[in-house]
Amino acid sequence: MAEAIGQAHARAWTVCLGLTPTAATWMRDDINSLEELTGHPVRSAYRLPGERSPWPKADVMAFAPITANSLNAWALGLTPSWVVGSLVEAIGTAVPVVAMPCVNESLAGHPQVDRSVAVLREAGVSVLYGEGGWVPNASGQGRPDAYPWGLVLDEVDRVNGGGRRPGHQ
C-alpha cells in the first residue's frame, strides 16, 4: 500500500486512504505510518452527523484492491461500510471511479461477480477486471506484493484526463 501511495505522490496526487473495517484491522499496525505518508487521517468509519470531512473533495476515486464482498455490495447499492457507502455516493454524484478487484478463481466463479462488474461498468465505473486488468488467480495462490497498482494508477490518470489532482481511496 505504501508503495502505491508513493507512486501516486510521484504523479503529484493528493492521496487520502479509506479502508473497510476488515482492512483497517489487518493494517492496524500500519495506520499511523500511512497517515504520515498521506498527510490525512486514514478513514474506515462513517462521520458523526454534522462532522466535517477531514479530506479534500476528490476529483477521482480508486477502490483497489476490492474484494468480492465489497464489489457485490457496491453494485447492489448496499452500504455495509463507509468505504462502500462513499462509492455508492460517488456514482450518484458523478465522481469518476476506478476499481480493480482482487478475487481468486473460486470467488470469480460465482455468477454475481460478473453481474456486479457489469452493473458498475454500466454506471460509469472503470472496472479493471479480466483482460487488461485483474485476472483471478487460483485459490491460495495470491501474492499481495504482485498486485498491479500501476494499472489502477494509469487508469485514474486516464479517467481524470491527466490534469487535476485526484483523491485516492
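In which strand does proline 65 lie? Proline 65 belongs to strand E1, which covers residues 61-66. Before I go further, please note that this is a predicted model.

Let us stay with that proline for a moment. The peptide bond that joins alanine 64 and proline 65 is cis, with omega at about -10°.

Alanine 12 has a phi near 65°, a positive value in a residue other than glycine. Alanine 12 is located in the loop between H1 and H2. Because its relative accessibility is 41%, alanine 12 counts as partly exposed. Alanine 94 also is not a glycine, and its phi is positive, at about 65°. The loop that holds alanine 94 runs between helix H5 (82-92) and strand E2 (97-101). Is alanine 94 buried or exposed? With a relative accessibility of 64%, alanine 94 counts as exposed.

I turn now to threonine 20. This residue sits in the loop between helix H1 (2-10) and helix H2 (21-26). Its relative accessibility is 17%, so threonine 20 counts as buried; the cut-off for that class is under 20%. Which residues does threonine 20 touch, if we leave aside those up to four places away in sequence? They are Ser44, Ser70, Ser81 and Val83.

The next topic is the packing of helices, and I begin with H4 and H7. Helix H4 comprises residues 68-75 and helix H7 comprises residues 111-122; the two pack at an angle of about 50°, and their axes are 9 Å apart. That angle makes H4 oblique to H7. The crossing in which H4 passes H7 is left-handed. On the H4 side, the residues in contact are Ala68, Leu71, Asn72, Trp74 and Ala75, and they meet Gln112, Val113, Ser116, Val117, Val119 and Leu120 of H7. By class, the residues of this contact comprise 8 nonpolar, 3 polar and no charged.

One further residue of H7 deserves a mention. Arginine 115 is found in helix H7, and at 48% relative accessibility it counts as partly exposed. How far apart are arginine 115 and alanine 75 in sequence and in space? They are separated by 40 residues in sequence, while their C-alpha atoms are 8.4 Å apart.

H1 packs with helix H8 (residues 149-159) at an angle of about 30°, with the axes 10 Å apart. The contact is formed by Ala4, Gln7 and Ala8 from H1, together with Trp149, Gly150 and Leu153 from H8. Those residues divide into 4 nonpolar, 2 polar and no charged.

Thank you for your attention.

Methods: Residues are numbered from 1 along each chain as its sequence is written. This is a predicted model: local features need pLDDT of at least 70, side-chain atom pairs count only at pLDDT 80 or more; totals for chains, interfaces and linings use all residues. Side-chain values use heavy atoms; hydrogens and water are left out. Axes are lines fitted to C-alpha atoms, for helices over the stretch in contact, and angles run from 0 to 180 degrees between N-to-C directions. Helices (H or I, at least four residues) and strands (E, at least two) are DSSP runs, numbered from the N terminus. Angles under 35 degrees count as roughly parallel, over 145 as roughly antiparallel, 65 to 115 as roughly perpendicular and the rest as oblique. A crossing is left-handed if the near helix is turned anticlockwise from the far one by less than a right angle, and right-handed if clockwise. Contact means heavy atoms within 4.5 Å. Ala, Val, Leu, Ile, Met, Phe, Trp, Tyr, Cys and Pro count as nonpolar, Asp, Glu, Lys and Arg as charged, and the others, Gly among them, as polar. Buried means under 20% relative accessible area, exposed over 50%, partly exposed in between (1.4 Å probe, protein chains only).
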